[in-house]
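Please open the model in your viewer and keep the selection panel at hand.

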Amino acid sequence: MSGVEGKVAIVTGAARGLGRTYCSALARAGATVVAADVNACDETVADVARATGADDRAVAAHLDVTDIDSCRASVATAVETFGRLDVLVNNAALYASLASGPFDTLDEGEWDAAMAVNVTGVWNMCRAAVPAMREVGGGSIINISSLAAVYGLPNALHYTTSKAAVLGITRGLARELGRDWIRVNAVAPSAVATEGTREFFGDDHERVLGAIAKQQALRRNLEPDDVAATIVHLAGDGTRFVTGQTFMVDGGAVTT
Ligand SMILES: NC(=O)c1ccc[n+]([C@@H]2O[C@H](COP(=O)([O-])OP(=O)(O)OC[C@H]3O[C@@H](n4cnc5c(N)ncnc54)[C@H](O)[C@@H]3O)[C@@H](O)[C@H]2O)c1
């Protein structure tokens, strides 16, 4: 038993990469899922159907996390389609398209865009989702941060700063929402080979992932299913007394 059976989840940034994996993992564990993204999530919904053998375990929703009305619409999709909302995975982020470089050369527009999606987007989705979670007496919000925020990824200060803000949102909101039995936790993965990391690191992709693996206690790169297992655990009742925490899923890159 995963403790996720019967729960309804929204996963943002679900069109590809890790978000797509989280949808199938949650559905396999017994949840129904709204796969939400600015890009089409049809393939994610098809993955869920393959993973569960049922075509009613996931729906796609168009979502721009920078727009509060769009966030509220995705919550309405969850409630209208599946009757409730229990779990929110704030996974959508800008990073693959961000140009990296020394801190004083970063583009101001990209800095603002990273904050709008990675920070304000998380706040927006929480604002949209909490009323529906209060309706059912609680919930679990899982905010995706990054090893970058804790370890300090050089030449990506916009991304690193935005992911550190996610940890602040997690701690502050956990204290505000405990009275509503809504738990708020963060997950900070190290580097996973996704379309996103390939775009972000470009020709350096293999070298950077290799260097990251060498600094971990567990010397291989993280795989999407490694993170998905932690997401499912935090979504379920097995972690019902856990809130305000940051879970490093990084093979022991950071051990303090
Ligand atoms: N891949 C890694 O190595 C790694 C490591 C640590 C943390 N993370 C974090 O994990 C998450 C997923 O990473 P990924 O590699 O799968 O990324 P990705 O770039 O493949 O996927 C991000 C998704 O977010 C969506 N998105 C972007 N802007 C959006 C918006 N305004 N509204 C809604 N959706 C939007 C994109 O369309 C995309 O589908 C991100 O939060 C990332 O920061 C990734």
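Begin by selecting helix α8, residues 205-214, whose buried residues are His205, Val208, Leu209, Ile212 and Ala213. Because these residues cover an arc of only 135 degrees around the axis, they lie on the same side of α8; the arc is that of the directions from the helix axis to the C-beta atoms. Buried here means under 20% relative accessible area, exposed over 50%, and partly exposed in between, with a 1.4 Å probe and protein chains only. Helices (H or I, at least four residues) and strands (E, at least two) are DSSP runs, numbered from the N terminus.

This is a predicted model, in which local features need pLDDT of at least 70 and side-chain atom pairs count only at pLDDT 80 or more, while totals for chains, interfaces and linings use all residues. Residues are numbered from 1 along each chain as its sequence is written, and side-chain values use heavy atoms, with hydrogens and water left out.

Then turn to the face of α8 directed away from its buried side, where the exposed residues Glu206, Arg207 and Lys214 are carried.

Now select the ligand. Which residues are closest to the ligand? They are Asp37, Tyr95, Tyr159, Val192 and Thr194, among 28 residues that surround the ligand, each with a heavy atom within 4 Å of it. By class, this shell has 14 nonpolar, 10 polar and four charged residues. Ala, Val, Leu, Ile, Met, Phe, Trp, Tyr, Cys and Pro count as nonpolar, Asp, Glu, Lys and Arg as charged, and the others, Gly among them, as polar.

A nitrogen atom of the ligand is 3.4 Å from a backbone N or O atom of Leu63. An N or O atom in the side chain of Tyr95 lies 2.7 Å from a ligand oxygen atom, and a polar side-chain atom of Lys163 is 2.8 Å from an oxygen atom of the ligand. The protein buries 94% of the 830 Å² that the ligand exposes when taken alone; these areas come from the Shrake-Rupley method with a 1.4 Å probe. Colour α1 (17-28), α6 and α7 (195-201), the elements that give two or more residues to the shell around the ligand.

Finally, select Asn155, in the loop between α5 (147-152) and α6 (157-177). Its phi is near 65 degrees, a positive value in a residue other than glycine, and Asn155 counts as partly exposed at 42% relative accessibility. Trp181, in the loop between α6 and β6 (182-189), has a positive phi near 60 degrees and is exposed, with a relative accessible area of 60%.

Definitions and conventions: Polar contact = N/O pair within 3.5 Å; in protein donor to acceptor, adjacent residues only side chain to side chain.
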